[in-house]
Each structure stands twice: as C-alpha cells, then as structure tokens.
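Subject: A structure for you to look through

Hi,

Here is the structure I promised to pass on to you. Please open it beside this email and look for each residue as you read.

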Amino acid sequence: MSDLNMTRVPVLYLDKVWGRVEPFLKRAVDVSRGRYDMPSLYEEVKAARQQLWVIYTADEEIVCSFTTQFMYYPLRVNLSVSFIGSDDNSISKEDWVDIVLELMDWGRVHGCSGFESVGRRAWGRIFKDIGFEETFTIVESEI
C-alpha cells in the first residue's frame, strides 16, 4: 500500500476509535436493508463476532474502516468483509488489491479457505486481475 497502513483494532481499543470509524461504516450499514444499525454493529465487534480494521495515513488520519467476520459453512470457512467505508479519495485500485491480498493472508493464517464480500459491482472489476470473479448477484425486495 502506497503511504497507507492497515491494522486490526483489538476489542480493548474499540471505544477509543469507534467515534472516528463510525462515519465510514454508517454509509454501508445504512444500505444493509435493516440487517444492522450502528449499535448492533458495535455490539458485533465488541463481542468479537466481527473484526474492526482501519486504514490510516502516516499522519494517523483514518481514511477507511471495515469489518470482517468468519463465515462457517459445512465444508469450509471464509473470511468475509461485512461493511466497508472510505473517504473515496485516498485509496487507489492498486492499494485495494494490496489490502485484499493482505486480508487473504490473514484469513489463511486463521484457517480460512476462501474470501468473500458482498458489495458494489465495481469490486469485481478491481480484483479481477488477482483471480476474483463475480459469482452471485443478490437481489432483494420487501414483501
């Protein structure tokens, strides 16, 4: 990553950074179609069911925050990016590729055999060069 750093935030420090990451995550939470709100996401991270990550500059300015979680399927475990938000100006396509490759390594160390994320279709184009392909599109409606 160019001049950026990435770290997982230990639960012990959650309250110290939550106010700084909440604006980034809120945009993603707001389009979760009622699955989460900010208090419920906070509780997921506090209970260690999701992991909080930040990407920051050398000046310690946070430019992105996201959460991951382990998805336990009958035949495998995947690392899944749940919510992500950034300032949209600080992270290049090349940075995103580096970030995902680093996350994939972290997931592998923690027993994952796959990586997944549900998000904008643009992610498929960004990560195509490192072997990602769009496999599903989720369509939903209220009844």
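Predicted model: local features only at pLDDT ≥ 70, side-chain atom pairs only at ≥ 80, totals over all residues.

Residues are numbered from 1 along each chain as its sequence is written, and side-chain values use heavy atoms, with hydrogens and water left out.

**The overall layout**

The chain has four helices and five strands. Both are DSSP runs numbered from the N terminus: helices are H or I with at least four residues, and strands are E with at least two. Along the sequence they follow the pattern β-α-α-β-β-β-α-β-α. Of the 143 residues, 38% count as buried. Here, buried means under 20% relative accessible area, exposed means over 50%, and partly exposed is in between, with a 1.4 Å probe and protein chains only.

**How the strands pair**

Two strands pair if DSSP finds at least two bridges between them. β1 and β2 run antiparallel and are joined by six bridges; in this pairing Leu4 stands opposite Thr57 in β2. β2 is also joined by six bridges to strand β3 (residues 62–72), again antiparallel, and there Gln51 stands opposite Thr68 in β3. The hairpin of β2 and β3 has four residues between the strands, and Glu60 takes a positive phi near 65° in it. Six of the seven residues of β2 are buried, so β2 is largely enclosed by the rest of the structure.

Strand β4 (residues 77–86) and strand β5 (residues 114–117) pair in the parallel sense over four bridges, with Ser80 opposite Glu116 in β5. From β4 the chain crosses through helix α3 (residues 93–109) to β5, and this β-α-β crossover is right-handed. That word applies if, with the strands pointing away from the viewer, the path from the first strand over the helix to the second runs clockwise.

**Aromatic rings**

How many aromatic pairs does a search of the whole structure find? There are six. Rings of Phe, Tyr and Trp (its six-membered ring) pair if their centres lie within 6.5 Å; planes under 30 degrees apart count as stacked, over 60 as edge-to-face and the rest as tilted.

The rings of Trp18 and Tyr42 have centres 5.4 Å apart and planes at 75°, so this pair is edge-to-face. It links distant parts of the chain, with Trp18 in helix α1 (residues 14–29) and Tyr42 in helix α2 (residues 38–46), 24 residues apart. Trp18 counts as buried at 8% relative accessibility, and Tyr42 counts as buried at 19%.

Tyr36 and Phe83 also form an edge-to-face pair, at 5.0 Å centre to centre and 80° between the planes. Tyr36 is in the loop between α1 and α2 and Phe83 is in strand β4, 47 residues apart. Are these two buried or partly exposed? At 24% relative accessibility Tyr36 counts as partly exposed, whereas Phe83 counts as buried at 6%.

Ring pairs also link Trp53, Phe66, Phe70, Tyr72 and Trp106 into a cluster.

**A pocket to find**

Residues lining the second largest pocket include Thr7, Arg20, Tyr56 and Ile62. The elements that give two or more residues to this lining are β1 (4–9), α1 and β2 (51–57). β1 gives the most, with three residues.

**Some single residues**

Thr7 is in strand β1 and counts as partly exposed at 32% relative accessibility. The C-alpha atoms of Thr7 and Trp53 are separated by 5.6 Å, although the two residues are 46 apart along the chain.

Asp95 lies in helix α3 and is buried, with a relative accessible area of 4%. Asp95 and Asp3 are 92 residues apart in sequence and 9.4 Å apart in space, C-alpha to C-alpha.

Happy exploring!

Conventions: 1 Å grid on protein atoms, 1.4 Å probe; cavity = no way out; pocket = protein on both sides within 12 Å on 5 of 7 lines; lining within 4 Å.
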